[in-house]
Amino acid sequence: MNDRNESIKREPYQTDGRPLILLTGGTGYVGGRLLTKLEEAGYPVRCLTRRPEELEGRIAQGTESVYADMLDSDSLKTAMIGGDIAFYLVHSMGSSSDFEEQDRIAARNFGDAAREAGVRRVIYLGGLGEESDDMSEHLRSRQEVGRVLRESGVDVIEFRASIVIGSGSLSFEMVRALVERLPIMIAPKWVAVTAQPIAINDLLAYLLAALTLDAVGSRVYQIGGTDRVSYGEIMNEYAKQRGLRRITIPVPVLTPRLSSLWLGLVTPVYSRVGRKLISSIKNPTVVNDDAALRDFDVSPIGLSEAIALAIRSEEQEIAATRWSDSLSSSGDTREWKSERFGSRLIDSRTVTVDLLPEQAFRPISRIGGSTGWYYGNWLWSIRGFLDLLVGGVGVRRGRRDPVNLRVGDALDWWRVEAFEPNRRLRLSAEMKLPGRAWLEFEVDPGNDGGTIVRQTAIFDPVGLSGLLYWYATYPLHQFVFSGMLRNIAAAAENGGQGSV
């Protein structure tokens, strides 16, 4: 744990003549992905965060993480010394207090500190929507933040965006959860409001391009994808790509409070965040100025492609960042964690053994077949028999070799999807399921010696039947998965032998 006055830094910090980028929101959804892009592009980056330790292990060599609180002007002045361009990607929507006043104070503190530090440009991500008397508090605050930043005297490039489409984004996860969980959905008036969604990759492209924009003074850009659609059309497109049939029943009214409570029950959105989000959805969020298309070499994609890319990104690996990773969301670190990640349900467990990684991995490489599954083999056999009865592969396949594995191998009712000797094994289920499932094992050196063995079960449910299956078998999963990991550790300590 780092002291607030200390920074996390991988090596002596040098800019090599390139502009030093100050990044806020590096633990959040957009900021976390932007951080990776900046590092890949070779920019020197200093992350400003209330908890520098949150970025430990996530930042590249040469990237700093320093303590800074947007509501503490002194901490900002210290953290911003030497900065050239700053990204302002924070907000207080998750706060239980007056988020508009907090955002106002934070923006004023940041703008003043940027001016004193000699920052030449601030790049800010705000909200799209025409100013009007009935503008929601959330959108009004997002646009007010841009004005406050400009009042500091520093040049501000403000991007105003609508819904961000990407696995892990707040709006997209809300849409996804509603479609996945509700075969029949009550559709309040906000479902028909028009928006102009933008893919996360296009949003990041705009933010990066603003670093080198040849312009003097402050500018406001409206950005979005190629399609103007309603929230209902977004949900229909997602359902189509997931192969789900959904029925919507329009209702004339549903208050933000009732909507937010409803969202809290069926989606991962916290009710207080949902209430502010639903309030902002009452306003159309479409692009009425094409200046961004003229000034930037970015060609945004449409809704269908954006959703396909968001789904496809999870075909390769779990999304790198999520909206709930931001510090406005509470969280903790445990040796066992069960949570929802996008459309997927995850059961992840770890155990530390006093062994080398290759010793810890030995029993994992021998799993299945004649070795068995290290816990409750009779339960696995029953599951395989039931699978056989419904036309699945059952347990008759075993494994090609009792010791060696390679990608593509059949392993009982699984298929080896990824294999790194002494490091990682990822299995994809081929049994009959209302969804898709993976079982993954990883070993990593521990910070204090020994080796961490991580076991992760992932299930991507299709519709309500998939969710019912997961939760119906949840107690059994706790029983089997905990015993499996415990006995894998015991087998490793016994030289990699043993089947339980």
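Let's start at Thr473, which sits in the loop between α14 (463-472) and α15 (474-493). Helices here are DSSP runs of H or I with at least four residues, strands are runs of E with at least two, and both are numbered from the N terminus.

A word on the model. It is predicted, so local features need pLDDT of at least 70 and side-chain atom pairs pLDDT 80 or more, while totals for chains, interfaces and linings use all residues. Residues are numbered from 1 along each chain as its sequence is written, and side-chain values use heavy atoms, leaving out hydrogens and water.

Is Thr473 buried or exposed? Thr473 is buried, at a relative accessible area of 18%. Buried means under 20%, exposed over 50%, partly exposed in between, with a 1.4 Å probe and protein chains only.

What does its side chain reach? The Thr473 side chain reaches the backbone oxygen of Tyr469 at 2.9 Å. The backbone oxygen of Trp470 is reached too, at 3.2 Å.

Next, α15. This helix has 20 residues. From first C-alpha to last, α15 reaches 29 Å, close to the 28 Å expected at 1.5 Å a residue. That expected span is 1.5 Å times one less than the number of residues. Buried residues in α15 include His477, Phe481, Leu485 and Ile488. After α15 comes Gly495, with a positive phi near 85°.

Finally, the whole protein. There are 15 helices and 21 strands. Of the 500 residues, 56% count as buried.

Methods: A polar contact is a pair of N or O atoms within 3.5 Å; within protein, one must be able to donate a hydrogen and the other to accept it, and residues adjacent in sequence count only if both atoms are side-chain atoms.
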